[in-house]
Amino acid sequence: MPIQLVDPASVKAWLERGDVILVDVREPQEYAAEHVAGATLVPLGTVCCAKLPDHAGKKLVIMCKLGGRGGKACEKLAGELSSEAVVYNLDGGIEAWKQAGLPVERAPRRGFLSWLTGRG
């Protein structure tokens, strides 16, 4: 199964056309803090084909923070997907996505007082 790097602009275009399934392999707290709209969380430690959303007829893009965990996830999936399938790793991860000026969804910021008291 080929693994290919893909740039953020291409993934954004694919998302807009509905041509891609984007899987975020970071940890839940990282995903909760910020993520790309439309990305599905499947932490690296649980990555397998059975955990992936249905991606028949769509491109499968894996992403993480910088690209390293995404590459590991791609390698993990290589043994499970057909030899003709292509899986893409978002080059530079969410950091490259943000560097390209593309939007992320963020958790609401908690004020200092609510952080201190554990409320809010």
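Trainee: Which residues of helix H3 (residues 68-78) are buried?
Mentor: Let's settle the words first: helices (H or I, at least four residues) and strands (E, at least two) are DSSP runs, numbered from the N terminus. Buried means under 20% relative accessible area, exposed over 50% and partly exposed in between, with a 1.4 Å probe and protein chains only. In H3, the buried residues are Gly70, Gly71, Ala73, Cys74 and Leu77.

Trainee: Before we go on, what pLDDT do side-chain atom pairs need in order to count?
Mentor: This is a predicted model, and residues are numbered from 1 along each chain as its sequence is written. Side-chain values use heavy atoms, leaving out hydrogens and water; totals for chains, interfaces and linings use all residues, local features need pLDDT of at least 70, and side-chain atom pairs count only at pLDDT 80 or more.

Trainee: In what order do the strands of the open sheet lie?
Mentor: Two strands pair if DSSP finds at least two bridges between them. Here 5 strands form the sheet and the pairing is parallel. The edge strands, each pairing on one side only, are S1 and S4.

Trainee: Which residue of S6 is the bridge partner of Gln4?
Mentor: S1 and S6 run parallel and are joined by 4 bridges, and Ile3 stands opposite Val87 in S6. On the other pairing, S5 and S6 share 3 bridges in the parallel sense, with Val61 bridging to Tyr88. The S6 partner of Gln4 is likewise Tyr88.

Trainee: Which residues of S6 are buried on the two sides of the strand?
Mentor: In a regular strand the side chains alternate between the two faces of the sheet. Both faces of S6 are covered. One side has Val87 and Asn89, and the other has Tyr88 and Leu90.

Trainee: What is the relative accessibility of Asn89?
Mentor: Asn89 is found in strand S6. Leaving aside neighbours within four places in sequence, Asn89 is in contact with Gln4, Leu5, Val6, Ile62, Gly67, Gly70, Gly71 and Cys74. Among these, Gly70, Gly71 and Cys74 are buried residues of H3. Asn89 counts as buried because its relative accessibility is 5%.

Trainee: What kind of aromatic pair do Trp14 and Tyr88 form?
Mentor: Rings of Phe, Tyr and Trp (its six-membered ring) pair if their centres lie within 6.5 Å; planes under 30 degrees apart count as stacked, over 60 as edge-to-face and the rest as tilted. A search of the whole structure finds 1 aromatic pair. With 5.0 Å centre to centre and 65 degrees between the planes, Trp14 and Tyr88 are edge-to-face.

Trainee: How many residues apart in sequence are the parts that this pair ties together?
Mentor: Trp14 is buried at a relative accessible area of 11%, and Tyr88 is buried at 14%. Trp14 lies in helix H1 (residues 8-17) and Tyr88 in strand S6 (residues 87-90), so the parts tied together are separated by 74 residues.

Trainee: Which residue lies over the face of Trp14?
Mentor: A charge sits over a ring if NZ of Lys or CZ of Arg is within 6 Å of the ring centre and within 35 degrees of the ring normal. At 4.9 Å from the ring centre of Trp14, the residue over its face is Lys59.

Trainee: At about what angle does H1 run to S2?
Mentor: Axes are lines fitted to C-alpha atoms, for helices over the stretch in contact, and angles run from 0 to 180 degrees between N-to-C directions. H1 lies across S1, strand S2 (20-24), S5 and S6, and its angle to S2 is about 125 degrees.

Conventions: Contact = heavy atoms within 4.5 Å.
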